[in-house]
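Me: Please take a close look at the aromatic rings of this structure. I would like one connected explanation, with each term defined.

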Amino acid sequence: MTRAPYLSARLQGFGTTVFAEMSALAVTTGAINLGQGFPDYPGPPEVLDVARAAIGTAHDQYPPGPGIPELRAAIAEHVQRFGGHGYAPADEVLVTAGATEALSASLLALLEPGDEVVLFEPMYDCYAAGIAMAGGVARPVPLRPPASGAGQWTFDVAELRAAVTPRARLLLLNSPHNPTGKVFTRAELGTLAALAMEHELLVLTDEVYEHLVFTGAQHTSIATFPGMRERTLVVSSAGKTFNVTGWKVGWICGPAELVAAVRTAKQFLTYVNAGPFQPAVAAGLRLPDEYFDAIAGDLEYRRDVLVQGLTEAGLPVISPQATYFATVDVRPVQPDGDGVAFCRALPERAGVVAIPTVVFYDPAHAHLGRHLVRFAFCKGDAVLGEAVERLGRMRS
Ligand SMILES: *Cc1c(COP(=O)(O)O)cnc(C)c1O
């Protein structure tokens, strides 16, 4: 790998991403961008209206460091309603600049240089960089794709245990999981909880897709397992739940001492953000259950449309249980099994952009994800329909 001038040693290797390359390709070729995961439809009007009304009021100025009291109360109520566990809005809830800041502030606050973070790969792209910025060391454990599209990704407990060394400080979990669409089962979470207790690991769990879960799967937070509350920080965000990925309103819940540590790092990253969006997200979190059921049902329909289209295009799909994304094995249409080459050619070949899953692996484990590609289905009917039609033409 070439060395990036000026970039610190900590961040070498985290240069320009395939995301940027693929999004640029989408623009120059006019291809439909199923690469980056953002919805092309608006959020609920009840939420958008509150944000519009808040602009031009005192909400335009610095909100309180931990977030406005109304939002912290709404977050605690929401966790109680859907997860059945309680956090005190005063000192166990912290509003952040998206889930991204919640994660990076946690890593900066909790890790000593050289501390190890155990996590599953493929992994969301900010994890490895966040660990590196905090001076930590990632210990990735592979999730293995199922032998057939009907199964789910699994991990090997022996491989997991082998990744936990005496330097291990933190387990970084993401369920529902991006990019695979896996929802960790209660049995798997039980295994992880027992491991965290045995090795006295802190747990940082990214649950931004908590509401985007489809029929047959159920999301449970590892924080609800016995003995886990006191060692777990739960991260979520408004972006995916309310179709407002540009607002960057996230939050973190956990025991007061852990949240206080994260707040210390957070106050020198952004201090605060998103003043007028904070009351809007509070209103969103208080929407009735029907809203949350409806967004999951709507996305499940989009999942089905894309999965059928990909299958008909000759691409075997690992059907996701949650999230915005479906993963395919490109080998039937790309005999050398190179997902990056497949994605570079796809705009010309089919007028569609996707992301090679290999970018979500540690470079040392790239062979595990070489043949896999991620497509997003969080797109409106017209765009998704056109994408499926274009992919279908690839077959003939
Ligand atoms: C989108 C996403 C995030 C980032 O959330 P923001 O609130 O936009 O910072 C974090 N984790 C996962 C797994 C995501 O997919």
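**Aromatic pairs**

Reply: The structure holds 15 aromatic pairs, where rings of Phe, Tyr and Trp (its six-membered ring) pair if their centres lie within 6.5 Å; planes under 30 degrees apart count as stacked, over 60 as edge-to-face and the rest as tilted. The model is predicted, and its local features need pLDDT of at least 70, side-chain atom pairs count only at pLDDT 80 or more, and totals for chains, interfaces and linings use all residues. Residues are numbered from 1 along each chain as its sequence is written, and side-chain values use heavy atoms, with hydrogens and water left out.

One of the pairs is Y62 with Y271: the ring centres are 5.9 Å apart and the planes are at 65°, so the pair is edge-to-face. This pair links distant parts of the chain, 209 residues apart: Y62 is in the loop between α2 (45–54) and α3 (69–83), and Y271 is in the loop between α9 (256–266) and α10 (277–285). Helices (H or I, at least four residues) and strands (E, at least two) are DSSP runs, numbered from the N terminus. Y62 counts as exposed at 71% relative accessibility, whereas Y271 is partly exposed at 38%; buried means under 20% relative accessible area, exposed over 50%, and partly exposed in between (1.4 Å probe, protein chains only).

Another pair is F155 with F184, with centres 6.3 Å apart and planes at 35°, so the pair is tilted. F155 is buried, with a relative accessible area of 13%, and F184 is buried, with 2%.
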